[in-house]
Structures are given as C-alpha cells and as structure tokens.
Amino acid sequence: MRVLFYWSLLVFSLAGVAMPTNAQDLSNLTGMAVLRGHCEKLIMAGKDLSDHCGSQIVQSIYNTGRTGFTVTIGDKGTVATFSGLEGAKPDADTQLQDLDLVIFNLGIEGVESTKSSVKGGCGYSNPFKGPTTISCQATSDKGEAYFLQFRSDGSPPKMTDLRKDADAGTKDIVDTNFAAGEWVGSAMKDDPEGGCLVTKQVDRKTALMLYANKNEAFSVNIFNRDWNFGPQAKATGELSFDGKVFPLSGVSVRNEHVLTLQAGAEEDNLESPVRNSTKLTFKSGKKRIEARLTDSGKAIDKLWECVDRS
C-alpha cells in the first residue's frame, strides 16, 4: 500500500488549478490532489526560482504507478513537474518516490515543454494529519541540480478521483484506517492474504512495523532509511525485550530498507513479547535501534480488527 494524498477522496472543481505536465497520456490519469502552503525552495537546472514559486502544489496520480508534483512559477502559466514511480513505503503514513523526470513548461501555446532525465527521489507524509513537507531532490545526466521543497499549511488536500469505482475505493480506505497512541495502521491494498500494517515512528530514519493477515501470521519489521540491502543480501541481528534477549530463528531482508524478524517455526511467537514489553531493542551490525512499546497491545488488537474487516 502506498500513502498518496488519496487518504480520503473529496470531489472538487479544477477551475484555477494548474494542470500537471507529466510524461503520461492523460487517459491514464486516475486522480489529482491540491495542497496549499508555502514553496520553500525551487531549484531548476541549478537556477534558484524560489521567489517565483506558487502557493499550491498539485499531485497527479496515474494508473501506471507514476506520480508527479507540479508547482506554478510566476503568473504566466509556467509550471514545473517532478515525476517518477512509486518507491519504498517505510510506514503507514510515509511514502517515498523515485524521480526520473523533471518537466518545465512555459505555458505558451506551440512551445514544447522541456524534459530532463534525472535521478533522485521525493518523500512526504500523510497530509491529513497536519502540516507536511514534500521534498524532492534530483540531478540530471548533465549534473544539473533540481530541488523542490513545499510545506503545506495543515489544511487537508482538495482532491478529485477519476476512477469509476471511486465510491467503493473510498469506503475501503476509510473503513480500514486506525490508530492507537503513536501507532498508525491500515489495510494493505492488493495484499492477497488480506494483511494489515501498523507502524510506530521511532525517529526520523526508523520505524517499527507490525504486520498480520488472515492466515493468522504476525511479523515484526524494522525500517531504517540508512540501510541499503541488495537483492541477495543477508542480515543478522539480536533482539531483546526489556533487556532480555529473545531468540530469533533468522532475519530476512524484505527490501533495501526493511528487515523482517523471524522467531521459531511461526512468526506469531513475537506477538506476546511485543504486547507485554515496554521496550524493544534490535542490534544489527553497528546499528542499534530502541523502540518504546507504549500502547502496543491496543495497536495489535486494532491490527487484528483491521484484518477481520479487510
């Protein structure tokens, strides 16, 4: 599941909104979202255009998995779009996005937009939980710098859903969101095993994630932004609860930033210590992660309720 501005869906008029200029056929466009706030920084090909950046940002979502962030530059119809494919999802409220294209459109009829191939990424959090920062950074093949940082004013995004099954999709999303203290969770879209995920942010780079599904599987996963595991990477680690070592049968690499902790023949052996302990400590290499487990029992109860509903 990915966290987009599509946390809830509100139909709105597109009048006065800058249309995105992604390298996509508009027939693939499934929705748009608009956030108001302050454009803190805009660098295009090394040129600082921050003083001319507008007070709203448009996110365009395509059924191909591509997403773009568009801002206006000045008042003559010029726009810039940072476009790429969905990236890693560290927790239920955070989304990362790879960047491969920056588009600059002067808004003049007959003048082609400029498209620059880039390498980089974006990151943002759930805008329905207060102010959020959308940050995108990339470098072109020529070494030119591109940077966008937009801070929302805390108001929820205005959205339009172009999918025919919008009503059904909205119901699914709203019905399966939940929270318990600092834990936030939801159903995992398109999970064939009907799984749900609940997450606690440990610090700016680390998150503790608990997963459960209809097969009664339960797993503990740890995200760390500094990890960069390759496809064939192997990992080890030591887990303890309240200072007492808990025996692990293994540690598997879920993706480049996430490790899954394995205990015994079934991963649900970890549920009881997570419920009944106050602190989890995990060591892997030089990395030591400590997470308070306040409200973990309530979070797990709601996690299983989510599984039953999804």
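**Close-up views of a predicted model**

**View 1. Phenylalanine 178 is paired with glycine 185 in E12.** In this predicted model, glycine 185 of strand E12 is the bridge partner of phenylalanine 178. Strand E12, residues 183-187, runs antiparallel to E11, and three bridges join the two.

**View 2. Seven strands make up an open sheet with antiparallel pairing.** The strands follow the order E11-E12-E13-E14-E15-E19-E18, and the edges are formed by strand E11 (178-180) and strand E18 (250-255), each of which pairs on one side only. Averaged over the sheet and with direction ignored, neighbouring strands are turned by 25 degrees against each other.

**View 3. Helix H3, residues 296-309, packs on the sheet.** Helix H3 touches E11, E12, strand E13 (196-201), strand E14 (206-212) and strand E15 (218-224), and its direction makes about 165 degrees with that of E11. The buried residues of H3 are Ser296, Gly297, Ala299, Ile300, Leu303, Trp304, Cys306 and Val307, and these pack against E11, E12, E13, E14 and E15 as well as against helix H2 (271-276).

**View 4. Strands E20 and E21 form a hairpin.** Strand E20 (residues 279-284) pairs with strand E21 (residues 287-292) in the antiparallel sense over six bridges, and within this pairing leucine 280 has alanine 291 of E21 as its bridge partner. Two residues lie between the strands, and glycine 285 in the turn has a positive phi of about 65 degrees.

Technical notes: Residues numbered from 1 in each chain as written. Predicted model: local features only at pLDDT ≥ 70, side-chain atom pairs only at ≥ 80, totals over all residues. Heavy atoms only, no water. Pairing = 2+ DSSP bridges. Helix = DSSP H or I, 4+ residues; strand = E, 2+ residues; numbered from the N terminus. Axes fitted to C-alpha atoms, helices over the stretch in contact; angles between N-to-C directions. Contact = heavy atoms within 4.5 Å. Buried < 20%, exposed > 50% of the residue type's maximum accessible area, 1.4 Å probe, protein only.
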